[in-house]
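Have the sequence and the 3D view open as you read.

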Amino acid sequence: MDLPLVREQLVDLIESHGINMILFPSICPETFSYVIEEAILLRLPIVAFDLGAPGERLRGYELGRLCSAVDAHTAFKTTLEFHAELASREAAMA
């Protein structure tokens with residue numbers, strides 16, 4: 001039986017699966033997102049649609065990018081471009 005995810009397991013899961021960016025594809029204008037909150041606290045880059053509280057939170061987060069439209073193509077393009085930008089920044093710092 002799978003047990004529910006425990007918050008303390010999150011970092012281990014992210015590291016063990018090599019996750020280096022979060023795509024938050026919610027199409028609902030949520031009032032708060034625990035996923036966004038946890039990702040920000042972990043200093044992970046996040047891509048999301050510009051809807052509701054997640055959009056507001058990510059506008060002020062230097063590792064956040066908002067999609068210009070709510071569709072899969074834009075989410076994919078924004079994620080790829082942001083990933084390339086972060087890789088370029090990292091390479092320049094090395």
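## Cysteines

A disulfide here is a pair of cysteine sulfur atoms within 2.5 Å. By that cut-off, the structure holds zero disulfides. C28 is in no disulfide, and the nearest cysteine sulfur, that of C67, is 15 Å away. C67 is likewise in no disulfide, with the sulfur of C28 as its nearest, 15 Å away.

Are these two cysteines buried or exposed? For the terms, buried means under 20% relative accessible area, exposed means over 50%, and partly exposed is in between, using a 1.4 Å probe and protein chains only. C28 counts as partly exposed, at 47% relative accessibility, while C67 is buried, with a relative accessible area of 5%.

## What you're looking at

This is a predicted model, where local features need pLDDT of at least 70 and side-chain atom pairs count only at pLDDT 80 or more, while totals for chains, interfaces and linings use all residues. Residues are numbered from 1 along each chain as its sequence is written, and side-chain values use heavy atoms, with hydrogens and water left out.

## Overall layout

The protein chain has four helices and three strands, in the order α-β-α-β-α-β-α from the N terminus on. Helices (H or I, at least four residues) and strands (E, at least two) are DSSP runs, numbered from the N terminus. The C-alpha trace spans about 40 × 40 × 25 Å along its principal axes.

Of the chain's 94 residues, 32% count as buried. Contact means heavy atoms within 4.5 Å. Among contacts with a separation of 6 or more, 35% come from residues 24 or more positions apart.

## Helices α2 and α3

In helix α3 (residues 52-59), the buried residues include A53, P54, G55 and L58. What covers the buried residues of α3 includes β1 (22-24), α2 (34-41), β2 (46-49) and β3 (64-67).

A39 is found in helix α2 and counts as buried, at 5% relative accessibility. Not counting residues up to four places away in sequence, A39 touches I22, L44, I46 and Y61. The C-alpha atoms of A39 and F24 are separated by 10 Å, with the two residues 15 apart along the chain.

## Two polar contacts

A polar contact is a pair of N or O atoms within 3.5 Å; within protein, one must be able to donate a hydrogen and the other to accept it, and residues adjacent in sequence count only if both atoms are side-chain atoms. S26, in the loop between β1 and α2, makes one from its side chain to the side chain of E30 (2.6 Å). S26 counts as buried at 18% relative accessibility. Leaving aside neighbours within four places in sequence, S26 is in contact with F49 and L51.

T79 sits in helix α4 (residues 72-93). The side chain of T79 reaches the backbone oxygen of A75 at 2.7 Å. Which residues does T79 contact, leaving aside its neighbours within four places in sequence? They are M21, L23 and V47.
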